[in-house]
Amino acid sequence: MKAEEHQLGTMLHALQERAKELNCLYQVGELLNHSGRSLEDIFRSIIQVLPPGWQYPADCQARIIFEGTAIQAPEFLPTPWVQRASIVVQQEAVGAIEVSYRRELPRSDEGPFLKEERRLIDTIADRIANAVTQRRLKAAFEGWGAASATASAAAEWRVVLEFLRDTDPALLKRISRKLINHLSWSGVEEAKELLRKASASPKLDPTLVSDENRPLPQSLLGSAGDLTAEVFRIAAQHMSESEILNSVTRWIKEDKASFLVRALENQDTSLGEVMECLERYRHIGVEEGELSLYTQTGLRVSLIRRFFSESLTFINVAKKFIDVQDFYDLLDRIVFPPGCHGKLGGKSAGLFLAKKIIDKAPDASDLLRAVRVPKTWYITSDWIQNFVHHNDLEDVLNRKYMEIEQVRQEYPHLVALFKTSSFPSEFAKGLALALDDLGDVPLIVRSSSLLEDRPGSAFSGKYKSLFLGNRGTKEERLAALMDAVAEVYASIFGPDPTEYRAERGLLDVHEEMGIMIQEVVGQAVGKYFLPACSGVAFSNNEFRWSARIKREDGLIRLVPGLGTRAVDRVADDYPVLIAPGQPNLRVNVTPDEVLRYSPKRVDLINLEKNKFETVDLATLLREAGASYPQIRDLVSILSRDRIEPLIGPLPDFASQGVAFTFEGLIRHTPFVTCIRELLQLLQHRLGTPVDIEFAYDGKDFYLLQCRPQSYGGDGVPAPIPQNLPPDKLIFSARHFVSNGKVPVITHIVYVDLEGYSQLSDQNAMLDIGRAVGKLNKLLPKRQFMLVGPGRWGSRGDIKLGVPVTYSDINNSAMLIEVARQKGNYLPELSFGTHFFQDLVEASIRYLPLYPDDPSTTFNDLFLRRSRNLLPELLPEFAHLQETLRVIDVPLQTGGLKLRVLMNADLQQAVGFLSPAQQDIDSFAAESATTDRAPNEHWRWRFRMAQKIAAELDGQQFGVNAFYLFGSTKNATAGPASDIDLLLHFQGNAQQKGELLLWLEGWSQCLAEINFLRTGYRSDGLLDVHLITDADIEERSSFAVKVNAVTDPARKLPMKNDR
Amino acid sequence: MATTPTEPVVDRKEAAKPAQSSNRSHKPFNSFQIAQAQFDRVAEYLTLDPATRDLLRFPLREYQFAIPVRMDDGTVKIFRGFRVQHNDARGPGKGGIRFHPQETIDTVRALSMWMTWKCAVVDIPLGGAKGGVICDPHNLSAREQEQICRGWVRQVARDVGPVIDVPAPDVMTDAQHMLWMLDEFERIHGGRFPGFITGKPVGLGGSLGRTEATGYGVVITLREALKELDIRPENTQATVQGFGNVAHYAIELYQRLGGRVIAVACWDQADQCAYTYRKRDGIDLQQLSSITDHFGGINKHKAADLGYEVLSGDAWIEQEVDILIPAAMENQITGDNVNRMSPRLRIIAEGANGPTTPEADAQIRERGILLIPDFLANAGGVTCSYFEQVQSNMNYFWEKDEVLGKLDVKMTSAYFAVSDLARRETLSMRDAAYAIAIGRVAKACHERGWV
């Protein structure tokens, strides 16, 4: 970027000019807001603040001519170097602003004036005009108010009419038009007649439309005044006085917003223009509540679409929580290109919506109200296109279709290329403006692409996020920021996201990269900058270390400092895990475990070196110790054989060992409660489990990201097929089963149980581990399974299990630990250890097998007798072939593959040989999709209720009427909801028995279907209530639901109903 | 737990102590049967009368009880608790309390019997006991664990106490659990009885010197062995397996005696294997400790930078040394590697539990190497627990010097008794230790007129 340095200098000068101009504009805005002062008085002040906004303030003077009067300083000197803008109110020039130089100055765009100054003076003129209009309207209304206080109600609207005629005839015309439309729609013949006569719109005249295709005669009507008089005359006949008054006042108010509606309706309006309109809308101070509901919703939806997302799912939720006013927050913080049609991207959208949901939750606790979002600037997604064109990089756009290996190889060069590319100057200006606003606090540049953070494609960690120290001169900081933006842009073309998109069929979708520039949450600790702690939290807990923890208890991964260590998997370090629903059930219990699995390192920003770093916590504490934010709540004291809470004075961190346990934070602060409430609120409002990122600076809790929690079908319980032929069943399990499936396994790596326990030499055992590591690189990724004895990867006695590390197994699809019972001794398995956590994170399925449990199957003959490929694959480990076996399943079975299905709700799992595809897949796929569209739970329940009613023979069973109520009727049913039925029963005891039996059959079937769809198991899905005539008479029990005023039961037609 | 080399509290080690007579490469089939078989063998040698055998083959008393706990979610869960007092002829019972999901009464019985022998071999006036609760602390909140601890005490409050039976920490219990139990006991009995339980933190009834006790104990027995063999410590060199708490203090005391440790072996978490770190002119304990993590793992690269040779994990056994101190985990000296020991080797001091397999044991004996058996060599820990109880009972706490001085006396005389018997009866040190322990308990039972 060296070539840019000169350009940077010029640009900075230009920027200073912009800052002056902006300042000037703000001051004018400020002055115009003083509604108590007279216009002339305000204009006197305005001419004072104008000159500093121009390029040569010393020689600059200004005056305002208004309604024939010139407001100017006594020393005003007319000169030929003048810039002038008219003040136009209701299409009529009522005055002008003039800015002039007292002497000749160098030529520029418009005489001595800059083109930006032209824009400035126009804007100011516009603002003044607005203010004048506003004052006139206000005066009109006040006059009307005064009038109505004295006049009778009947005359009120006439007063309004009079005022409008005087002040704003154009508005009156529009209102007349609305009124006549209204009357026509209401079926007033006279109005229709009038309209036909006026006929600007042919569609309202059915005779003309049906008759001919010739052009329609133009308006027969005379002047607007005539029409107005006529319209109001008709209205007076057909509408009550107050009706007319209400309509007229509503239309007047709505008219104020009409320019915004029009701008949004027009697809060609650029984002910049939309923002200008929005700014004007803010300026004229429309109260959203004054607009009709449909106008409000229309505005919201259009704005959401323009700023955030076209996704219907998103809009549907967002429109409930994002008001027009909410967009004001964004106005000053968006960097957008001219003619912009880009958006802010998925991450921005998710975060913005989440924050609004929190702000608008009526029942939110104080804790939630205190949740903050860091100050953010947004770069619209279409800048990347401009950037690409600016640098003639168009070739990169289709790189996504190249072979992935090539993408991978060339990617580093592409990054380098992007980083040496230059930015369009507008872009650079925008970034500089952002930097000025954000100041010199550390920043994070985060990707926010259009595809990101949508349900089913979270792109987690696929695109770059970069931290900036943001120290140094303005030029240095800007250069660093541009560098980071370029790198984030490059990441869109990286191999990982390309592969990810290919896997999800998103390669052909147009992808653009929006960017968020955010303040980093935290504070300075010595030479470092970091938050007290950060992390991620999930609504659903997929790593339940204790059977007492339920999925909906959620999961927090908490680390000290920046959250990067919680988001990424880091070797040799661990986040602290908390289930917010069960914060006292910890993964680690003994002092040894607590210490071993506590975080040891911290990610932070080194302010001296101006960069992101990882530092040993011990070192950090030695250096900065007591100044670490909220340290007292984060650490526990290591004493000789236990971990003590920190009570009393802070220890000397130089000598006293501590462990980051977050004990105080969890036990003594509302931190965990806050996250739990947050997760619940967001999940409830968004209708999907969520995944959030957060940071805590010791005082405030910041939300950094919110997106639907991805579970890609993983967490869905797989239906367990019954009656599998015994010769196809390889294993089954009934303990510690989690949800999931591995559809295709082609290779099994089997460590023979007996063989391993008889290995006498430690080296031989280590060799097994090494060989497994080699196989991990050799076998087809995610299609092989490891089976072996005891605790894999455990520290200590390797006789207890194969010595492997994460990287030795990270490509496997599944790990099965086999626990052979010896006497009454049952070996402990890896379940619940951190090794297990690694598996969960890599979505490697885990299953313990207890072959000695008679209710399970373990086909060790298949495993022991199949041909062993080890000697061919790894000749150097051929000596292990007695113990280590590699089985090619299709080769061994004539083309079958191993399929593993696991269902936690049933506590059952099976591994069996099957042809490549089976119907069951489509079932599972369906349940995965239905689970992601939670709104659908009621729909099929409703259909089923209709079906049952239609099948129910009222005479046979003595049922008079069939009602549906509760969550299915109200369309709020969740995956575990019942279908609540109310049956008006008039039959005898025998019929009753038969009826209940008949319904029970349905109930069981529906429960089964629900299970297959959602994985929720219940004894029956129907909740049947029988009511009798007497009940209805007395309105007792559920009978109140029939014909109830609120939430009544819905009657469904039965078989023989007419 | 059993194999963690850094485990400081000896009581815990005993918990999973493998049976000496069983095939060590497999876990015990039924630990109580193994313990009985082992007793039978020694009883035969001692020609104990049938009544004594009958008495000692089984615990004197067993308590099994329910502990109802109101869980955090409001439900009540019933936990099963145990206390087994194997024998208290020589003094109040002593033994840990285990929290373990697969706890069985037989395991507790076996462990209580081992406690009886262990206390007897160092000749401290305590009997043997053990207790436990079937539970997995990984499924329990801290509050729930506290309730289990208090519930346990409530159920046996009248059958335990400073003069009846003294619990201690064990598998998955620690000082915190002991304090909850002590508090409950004191509430019930209305007073302060710190001698009710051991394993308490210093300042709240704990004893100084506990950190050092096990490691020092190992070297005190080693010192006596050297004296017997008429070898001057300053002329010896040793290798140590393990670099945890026990190894650390063993090395410290041995170096103070003038010996030279030329290599230590320890586990490397990152590489998932052990390494031996050798420095022929003697390791620098201070220096090596400064590059060791909390779990006794030495930083391989820093060690190499400091001039240590990094050798394979089992190289410690084949060094040219006079003394081996296996202080890491069980089953380290086996039939396979016993032949690789230097001809110069004279003494093995078992700092860990069960580091030597029976095959290796036999060969070591044939070669005339003096082996100081684990439950004598590492009995410094239980001895210090006894001191903690004594100090607690008189509510007067000694300085560290005094604790360690008394430890020296106890360990020295324990060693002498065992070595004397071994010499007189030409028994292995291991067999002699068992014979002495069981003999002492049998004698106490006789003298009390029980049998």
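Axes here are lines fitted to C-alpha atoms, for helices over the stretch in contact, and angles run from 0 to 180 degrees between N-to-C directions. Helices (H or I, at least four residues) and strands (E, at least two) are DSSP runs, numbered from the N terminus. H9(A) passes H10(A) in a left-handed crossing. Left-handed means that the near helix is turned anticlockwise from the far one by less than a right angle; right-handed means clockwise.

Which residues of H9(A) and H10(A) make the contact? H9(A) contributes Lys256(A), Ala257(A), Phe259(A), Leu260(A), Ala263(A) and Leu264(A). H10(A) contributes Glu273(A), Val274(A), Cys277(A), Leu278(A), Tyr281(A) and Ile284(A). Contact requires C-beta atoms, placed from the backbone, within 7 Å. The residues of this contact divide into ten nonpolar, no polar and two charged. Ala, Val, Leu, Ile, Met, Phe, Trp, Tyr, Cys and Pro count as nonpolar, Asp, Glu, Lys and Arg as charged, and the others, Gly among them, as polar.

A word on conventions. Residues are numbered from 1 along each chain as its sequence is written, while chains are lettered from A and ligands numbered from 1 in the order in which they are written. In this predicted model, local features need pLDDT of at least 70 and side-chain atom pairs count only at pLDDT 80 or more, whereas totals for chains, interfaces and linings use all residues.

Chain A as a whole comes to 39 helices and 34 strands. Of its 1058 residues, 42% are buried. Buried means 20 or more other C-beta atoms within 10 Å of the residue's own; exposed means 12 or fewer, and partly exposed lies in between, with C-beta atoms placed from the backbone. Among contacts in chain A between residues at least 6 apart in sequence, 72% join residues at least 24 apart.

Now to the strands of chain A. Five of them form an open sheet in the order S27-S26-S25-S24-S28, with mixed pairing. Two strands pair if DSSP finds at least two bridges between them. Glu817(A) has Pro848(A) of S27(A) as its bridge partner.

Strand S32 (residues 979–985) of chain A is mostly covered: seven of its seven residues are buried. In a regular strand the side chains alternate between the two faces of the sheet. Ile979(A), Leu981(A), Leu983(A) and Phe985(A) point one way from S32(A), and Asp980(A), Leu982(A) and His984(A) the other way. Six bridges join S32(A) to S31(A) (residues 959–965), and this pair is antiparallel. Here Tyr963(A) is partnered by Leu982(A) of S32(A). Six bridges also join S32(A) to S33(A) (residues 1022–1027), this time in parallel. Leu983(A) stands opposite Leu1026(A) in S33(A).

Chain B has 15 helices and twelve strands. Buried residues make up 57% of its 451 residues.

The axes of helices H13 (residues 380–394) and H14 (residues 400–425) of chain B come within 10 Å and cross at roughly 125°. That makes H13(B) oblique to H14(B). H13(B) passes H14(B) in a right-handed crossing. Gly380(B), Thr383(B), Cys384(B) and Phe387(B) of H13(B) meet Val403(B), Lys406(B), Leu407(B), Lys410(B) and Met411(B) of H14(B). This contact divides into five nonpolar, two polar and two charged residues.

Is Cys149(B) buried or exposed? With 24 C-beta neighbours inside 10 Å, Cys149(B) counts as buried. Cys149(B) sits in helix H5 (residues 142–156) of chain B. Leaving aside neighbours within four places in sequence, Cys149(B) is in contact with His177(B), Trp180(B), Met181(B) and Glu184(B).

Four of the five residues of S6(B) are buried, so S6(B) is largely enclosed by the rest of the structure. S6(B) pairs with S7(B) (residues 260–268) in the parallel sense over five bridges. Gln237(B) has Arg260(B) of S7(B) as its bridge partner.

Definitions and conventions
Contact = placed C-beta atoms within 7 Å. Parallel < 35°, antiparallel > 145°, perpendicular 65-115°, else oblique.
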